[in-house]
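Please read these notes with the structure open beside you. They go through the helices and then a few loop residues.

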Amino acid sequence: MVEYTSVDGSLQAIVLRAGEARLYPLGPVADVEPDIRKLLAALGRLAYGTGSRASLEASHRAFMVLAAALDGRLLSGLDLSPEAEVVVVPTGPLQGLPWAALPSLADRPVTVAPSGSLWARG
């Protein structure tokens, strides 16, 4: 399980694995917010298919670049096992992120939960 939290504008990830918790500082929340907005805008353009072929191709390229950048900021340093199922508990601006679109999570089961305790009860 990866639970994200924000304290005084600083984003942190708490990774729970085999009964142990480890805290990873990820930097300012403000550093990821613009990329999340851009990623969601590109995804919206792709989902609706509006615009020219060139515009849609540019949106696809932008989506892929932004997904890789967010993956690097949010997941790459967390030492997640490449095969393991991942439960993500996002905070604030991370709640609307399409987690399964991030390269590190694309080929594995991903569950997004509103809280760790609710997920554990389920």
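At what angle do the axes of α1 and α2 cross, and within what distance do they come? The points below answer this and then look at each helix in turn. Keep in mind that the model is predicted.

1. The crossing. The axes of α1 and α2 cross at roughly 145° and come within 9 Å. The crossing in which α1 passes α2 is left-handed.

2. The contact. From α1, the residues that meet α2 are Asp35, Ile36, Lys38, Leu39, Ala42, Leu43, Arg45 and Leu46. On the α2 side they meet Leu56, Ser59, His60, Phe63, Leu66, Ala67, Ala69, Leu70 and Arg73. Sorted by class, this contact holds 11 nonpolar, two polar and four charged residues.

3. Length of α1. Helix α1 covers residues 33–48, which makes 16 residues. From the first C-alpha to the last is 23 Å, close to the 22 Å expected at 1.5 Å a residue.

4. As a general point, an α-helix has 3.6 residues a turn, so residues three or four places apart point the same way.

5. Length of α2. Helix α2 has 22 residues, and at 1.5 Å a residue they should span 32 Å. The end C-alpha atoms of α2 are 31 Å apart, which agrees.

6. The buried residues here are Ser59, Phe63, Leu66, Ala67, Leu70, Asp71 and Leu74. Seen down the axis of α2, they fall within an arc of 140°, so they line one face of the helix. Their cover includes β1, β2, β3 and α1. On the face turned away from the buried side of α2 are the exposed residues Ala54, Arg61 and Val65.

7. Ser59. Where is Ser59 placed? Ser59 is in helix α2. Its relative accessible area is 3%, so Ser59 counts as buried, the cut-off being under 20%. Leaving out residues up to four places away in sequence, Ser59 touches Ala42, Arg45 and Leu46.

8. Most residues other than glycine have a negative phi. Asp8 is found in the loop between β1 (2–7) and β2 (10–17). With 83% relative accessibility, Asp8 counts as exposed.

9. Ala18 is not a glycine either, yet Ala18 has a positive phi of about 50°. The loop that holds Ala18 lies between β2 and β3 (20–28). Is Ala18 buried or exposed? Ala18 counts as exposed, because its relative accessibility is 79% and the cut-off for exposed is over 50%.

How values were computed. Residues are numbered from 1 along each chain as its sequence is written. This is a predicted model: local features need pLDDT of at least 70, side-chain atom pairs count only at pLDDT 80 or more; totals for chains, interfaces and linings use all residues. Side-chain values use heavy atoms; hydrogens and water are left out. Helices (H or I, at least four residues) and strands (E, at least two) are DSSP runs, numbered from the N terminus. The expected span of a helix is 1.5 Å times one less than its number of residues. Buried means under 20% relative accessible area, exposed over 50%, partly exposed in between (1.4 Å probe, protein chains only). Contact means heavy atoms within 4.5 Å. Axes are lines fitted to C-alpha atoms, for helices over the stretch in contact, and angles run from 0 to 180 degrees between N-to-C directions. A crossing is left-handed if the near helix is turned anticlockwise from the far one by less than a right angle, and right-handed if clockwise. Ala, Val, Leu, Ile, Met, Phe, Trp, Tyr, Cys and Pro count as nonpolar, Asp, Glu, Lys and Arg as charged, and the others, Gly among them, as polar. The arc is that of the directions from the helix axis to the C-beta atoms.
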